[in-house]
Amino acid sequence: FGICKDDNDNIRPGRITMKSTVEQRALIKACKPDTTLLIEDGIMEVKVIEKCSETELRVQVVRGGKLKARKGVNVPDCEIDCAALTDKDIEDAEYLLQLDPPCEYICVSFAQKGQDLQELIDIM
């Protein structure tokens with residue numbers, strides 16, 4: 001389980017890869033042995049066996065399934081060290097608040113702590 005080494009490093013039997021983003025690198029960095037990773041809204045579950053490097057983990061499948069591209073990974077036991085709002089999220093929120101009438105609801109995905117929500121409240 002790890003970050004793609006290049007554009008040809010795709011998901012295949014025995015290997016799950018993710019594109020290299022700030023969030024994905026922080027996810028790998030936060031994991032340690034016995035960390036549970038939930039894939040595709042918890043349909044699949046793997047457990048970290050070994051941290052091989054800052055970009056790769058060895059995992060054991062607890063609950064498998066057919067893995068498709070672009071499915072979410074949730075790490076309920078870890079606090080990921082990255083901002084909840086990306087620059088694009090902030091830009092989108094500012095745009096939505098300028099509409100007439102303004103947008104009534106803006107949600108934050110993957111909020112881990114109160115500060116994650118406070119960032120959006122401050123924009124509003």
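Visitor: By class, how many nonpolar, polar and charged residues does the lining of the largest pocket have?

Guide: This is a predicted model, so local features need pLDDT of at least 70 and side-chain atom pairs pLDDT 80 or more, while totals for chains, interfaces and linings use all residues. Residues are numbered from 1 along each chain as its sequence is written, and side-chain values use heavy atoms, without hydrogens or water. A pocket is an open set of points on a 1 Å grid over the protein atoms alone, where a 1.4 Å probe fits, with protein on both sides within 12 Å along at least five of seven lines; lining residues have an atom within 4 Å of a point. Ala, Val, Leu, Ile, Met, Phe, Trp, Tyr, Cys and Pro count as nonpolar, Asp, Glu, Lys and Arg as charged, the others as polar, and the lining has 26 nonpolar, eight polar and eleven charged residues.

Visitor: Which element gives the most to the lining of the largest pocket?

Guide: The pocket holds about 1,300 Å³ of space, the volume filled by probe spheres set on the points. Among the elements that give two or more residues are H1, E3 and helix H3 (114-123). Elements are DSSP runs: helices (H or I) of at least four residues, strands (E) of at least two. The most, four residues, comes from H2.

Visitor: Which residues are closest to the centre of the second largest pocket?

Guide: This pocket holds about 310 Å³. Strand E5 (56-63) is one of its lining elements, and E5 gives the largest share, six residues. Of the 17 lining residues, the closest to the centre are Phe 1, Gly 14, Arg 15, Ile 16 and Val 59.

Visitor: Which residues have the most contacts inside the largest nonpolar core?

Guide: A nonpolar core is a set of buried Ala, Val, Leu, Ile, Met, Phe, Trp, Tyr and Cys residues joined through side-chain atoms within 4.5 Å. Buried means under 20% relative accessible area, with a 1.4 Å probe and protein chains only. The core has 18 residues, and those with the most contacts are Phe 1, Leu 27, Ile 28, Cys 31, Leu 37 and Leu 57.

Terms used. Buried means under 20% relative accessible area, exposed over 50%, partly exposed in between (1.4 Å probe, protein chains only).
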